[in-house]
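Please keep the structure open while reading.

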Amino acid sequence: MENNMHEEKTEVREALLLDQGSKKGGFRTIPFIIANETFEKVASYGLSSNMITYLMNEYHLEMISSSNILYLWSAATNLFPVIGAYFSDSLVGRYRMIAYGCIFSFLGTVILWLTTMIPQARPTPCVDSSNNSCISPTIFQLMFLCSSFLLMSIGAGGIRSASMAFGADQLQDDAQNLNRTGAMETYINWYNATSALSVVIAMTFIVYIQDNLGWKIGFGVPFVLMFLSALSFFLASSLYVKSKPNSSLITGFIQVIVASFKKRNLPFPSIEKDLLYHHDMNSILAVPSEKIRFLNKSCMIEDPNEDLSPNGSASNPWTLCTVDQVEALKKLIMLIPLWSTGIILSVNFSQPSFPVLQAGSMDRRITQNFQIPAASFSIFMIISMVAWILLYDRVLIPVASYILGRPARLTPITRMGLGIFISFLSMVVAAYVESVRRSLAIQEGLVDNPKGMVPMSAFWLLPHSVLMGVGEALNMLAQMELYMCELPRGMTSIAANLSTISMGLGGVLASLIMTSIDGITKGGGNESWISSNINKGHYDYFYWVLAGLSLINVFYFMVCSRHYYASIRMN
């Protein structure tokens, strides 16, 4: 045992010495890459966690307007990395994509910080606590504010889309030796650990600074962190391995669709053996499957002399694709129904505004002299996610395997379903807790005082946060595992971004749901369910609507999973 440990340490030491002598890449570049994304995430999450308070108190926006802005900001932040991944892989390369992301993110934090420094950039303060005496922001002030959100979303898309892959590029020159010493695994573990730590820091320390030292310092700290993020990345520019962009799988999918459309009138031969399909020389797939058969026309060879070049490749990839391209697109299409079930779960997860306002009206004291900032209560959702992952992987699975006498593990689809059901339960709990909180506020005569403290501990919000965190951990990780297992190896980047797309669409759908409910419920002069006055509104009814949609999503998932299993059996 001691000899093996000594040999392993010697191998690591040799790998590091070899790395230090190399000209480009290696371990010496990894701290700069990890620091770049860590600082960026601390800055962005630190700003978004408490933004609802800034918009309502400093910009005098209504609850519905503030929430919609945050929903769209969250959606853009989740969708831009997908666009960034395409551009980094096929057009500009990963180094340039991260560099552009650093610049955009830094500019976004500068503009947001300037909204606290320049009085003309935001409305004048209210004369008193009544919203009726508050001046609404001008179009210019809103555009100036939202431009910062847009720049930060574009920047996040540039950094997050390429950061992990760019770090892996630095460890490729001596891949065999590095894999043998566990370097790649160490890099991925540190990358994920620092990402989780950055969210914790953002939701605790940054939010505490904003609540206790004001917005100028509270937004100034993320501005400095974003500067450090860009600085840490550019300091090692001369050391990086900068891989050139190549063709993208997304382009390949578009080519399959275009080629199938162009050949839509091409009939299939009556004798299957007369068909000729174009495939790569090293591919094990020579014939496409019968599922989604019309796509097979894109890889059918009509005239070998015209369709193929002398080296066997397609003369025009927009009229003739490979069998591998067709089958990869088919697998992606088959997963779309299951993937779509995660959108409603993302709607539930992307509720940043309500918990902050609820916690702000409840007793958040731990001691007589210290209380948890309202925006920091979201940290319990993150903690529950991490705790469940550790409990499931290190306790539940080993114990179940020991009891059964064989390896025990739930399938990804089963875990996805459990996550969706637990998300439904979290909305039921949230609706009940808010109903109790609102009733107490009315009993205490706080109907017209939404900032008054209700005699109810804010820790009653924890069951909802814990259930939501567990549901998210079950579903999102299971989604990623399913996509990684079912999609071809070359589609790893797409598999990693599918759940991110559902989160982005979930933010957009959440905005539409909230806007629709607000428009319907405030008709006839009634108070909107989503009133800026949390005690006059009916946030509990809004949670019940989400619970109903989540229950429908449970049954929708059951249909999609049954259809997916049936399609696999047909293969």
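In this predicted model, the count of salt bridges comes to 9.

**Salt bridges**
- Glu290 and Arg293 are joined through their side chains, with an N to O distance of 2.9 Å.
- Glu290 counts as partly exposed at 49% relative accessibility, and Arg293 counts as partly exposed at 28%.
- A salt bridge also links the side chains of Asp363 and Arg365, at 3.0 Å from N to O; Arg365 is partly exposed, with a relative accessible area of 47%.
- In the salt bridge between Asp518 and Lys522, the closest N and O atoms are 3.3 Å apart.
- Asp518 is buried because its relative accessible area is 8%, under the 20% limit, whereas Lys522 is partly exposed at 44%.

**Largest cavity**
- At least two lining residues come from each of helix 14 (353-360) and helix 17 (462-486).
- The lining of the largest cavity has 4 nonpolar and 4 polar residues, and no charged ones.

**Second largest cavity**
- About 40 Å³ of space lies in the second largest cavity.
- Gln358, Ala430, Val433, Glu434, Leu461, His464 and Tyr543 line the second largest cavity.
- Helix 16 (residues 412-443) gives the largest share of this lining, 3 residues.
- By class, the second largest cavity is lined by 4 nonpolar, 2 polar and 1 charged residues.

Notes
Residues numbered from 1 in each chain as written. Predicted model: local features only at pLDDT ≥ 70, side-chain atom pairs only at ≥ 80, totals over all residues. Heavy atoms only, no water. Helix = DSSP H or I, 4+ residues; strand = E, 2+ residues; numbered from the N terminus. Nonpolar A, V, L, I, M, F, W, Y, C, P; charged D, E, K, R; others polar. 1 Å grid on protein atoms, 1.4 Å probe; cavity = no way out; pocket = protein on both sides within 12 Å on 5 of 7 lines; lining within 4 Å. Points joined across faces, edges and corners; volume = space filled by probe spheres on them. Salt bridge = Lys/Arg side-chain N within 4 Å of Asp/Glu carboxyl O. Buried < 20%, exposed > 50% of the residue type's maximum accessible area, 1.4 Å probe, protein only.
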